[in-house]
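Thanks for coming. Please have a look at it first.

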Amino acid sequence: MHLIHLTEANGQIRVEFSGCNMKCPYCVHIHQPSTVHSIEEVIDFVKNSSAGKMYLGGAEPTLQKDLIPLIEELHALGKHILLKSNGMKPEVLEAALPFVDGFVLEIKAPLDDISGTVELTGMSEERTVKYMDLLRKSLAIATSKWLRVWIRVIPEYVNTKTMPRILSEIKGADEVMLYQFLSNPEFDMPFKGHDLPVPAWEELEELAQIILEKVPRVMLVGDKGKVVLEK
Ligand code: SF4
């Protein structure tokens with residue numbers, strides 16, 4: 001399997017897989033170098049650690065053909081597993097369902113904003129329309145377990161006007177994470193003329209209050225650090 005990073009910090013092991021089926025113009029991960037590892041190497045790393053939690057992210061984990069065998073082995077070791085995805089491969093999430101503790105799905109804009117999502121993902125309109133259908137299937141699978149919705153707040157697409165349309169699609173989510181665009185230079189490249197963190201922290205807080213009417217927990221991540229708000 002192709003990995004960008006295999007790291008441990010604060011009781012959690014992060015496996016960051018390389019490669020993605022989208023071409024988001026602000027994405028750092030699809031340009032990062034990767035190295036090839038066997039499942040055994042990853043399992044050895046896990047066995048040599050006392051961390052109980054696993055975060056499988058990346059770029060996009062669901063493209064790795066060995067992902068499900070890896071998840072099965074991690075589950076057998078008793079690890080708490082979160083699997084992140086852009087939602088393009090619901091069949092992989094379905095296969096992972098018995099072995100993971102929860103999912104993290106990224107939502108980029110309201111699901112009815114096709115032209116915005118074309119800009120945000122670098123995909124054709126035809127592929128974007130298919131993606132929305134696949135993402136809805138992935139959301140249905142993920143909410144049957146535990147779901148964090150991961151939202152990179154790029155203000156042209158995610159704002160107080162569009163948030164109600166996003167919320168109407170994520171009923172049953174357990175948590176929303178709002179990430180202030182460009183607040184971590186390791187995550188993003190400039191886009192839409194933005195080259196500093198946006199939106200203002202106060203706008204993230206305003207979005208969080210709207211979300212808390214429908215979702216019990218919101219995590220804000222940005223230039224002011226990390227803040228958790230609960231209903
Ligand atoms: S931002 Fe996420 S979905 Fe987009 S290319 Fe990067 S890893 Fe893929």
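Start with Gly 193, which sits in the loop between β8 and α7. Helices here are DSSP runs of H or I of at least four residues, strands are runs of E of at least two, and both are numbered from the N terminus. Before going further, this is a predicted model, where local features need pLDDT of at least 70, side-chain atom pairs count only at pLDDT 80 or more, and totals for chains, interfaces and linings use all residues. Residue numbers start from 1 along each chain as its sequence is written.

Is Gly 193 buried or exposed? Gly 193 is exposed, because it has 7 other C-beta atoms within 10 Å. The cut-offs, with C-beta atoms placed from the backbone, are 20 or more other C-beta atoms within 10 Å for buried, 12 or fewer for exposed, and partly exposed in between. From Gly 193 to Asn 10 the C-alpha to C-alpha distance is 35 Å, and the two are 183 residues apart in sequence.

The loop between β8 and α7 also holds Lys 192. Its phi is near 55°, a positive value in a residue other than glycine. Lys 192 counts as partly exposed because 15 C-beta neighbours lie inside 10 Å. Leu 182 belongs to the loop between β8 and α7 as well, and its phi, again positive in a residue other than glycine, is near 70°. Leu 182 has 21 C-beta neighbours inside 10 Å, so it counts as buried. Then there is Pro 199, also in the loop between β8 and α7; the peptide bond joining Val 198 and Pro 199 is cis, with omega about -10°. For context, most residues other than glycine have a negative phi, and most peptide bonds are trans.

Now the sheet. It is open, has 10 strands with mixed pairing, and its order is β3-β1-β2-β4-β5-β6-β7-β8-β9-β10. Strands count as paired if DSSP finds at least two bridges between them. The edge strands, each pairing on one side only, are β3 (35-36) and β10 (225-230).

On one side of β8, the pairing with β7 is parallel over 6 bridges, and Arg 148 stands opposite Glu 175 in β8. Strand β8 (residues 175-180) also pairs in the parallel sense with β9 (residues 217-222), over 4 bridges. Leu 178 stands opposite Leu 220 in β9, and Val 176 has Val 218 as its bridge partner in β9.

Helix α7 (residues 201-212) lies across β7 (147-153), β8, β9 and β10, and runs at about 165° to β9. Axes are lines fitted to C-alpha atoms, for helices over the stretch in contact (C-beta atoms, placed from the backbone, within 7 Å), and angles run from 0 to 180 degrees between N-to-C directions.

Next, helix α2 (residues 67-76). Which of its residues are buried? They are Leu 67, Leu 70, Ile 71 and Leu 74. Down the axis of α2 they fall within an arc of 100°, so they line one face of the helix; the arc is that of the directions from the helix axis to the C-beta atoms. Those buried residues pack against α1 (39-47), β4 (53-58), β5 (80-85) and α3 (90-96). Pro 69 and Ala 76, on the other side of α2, are exposed.

Technical notes: Two residues are in contact if their C-beta atoms, placed from the backbone, lie within 7 Å.
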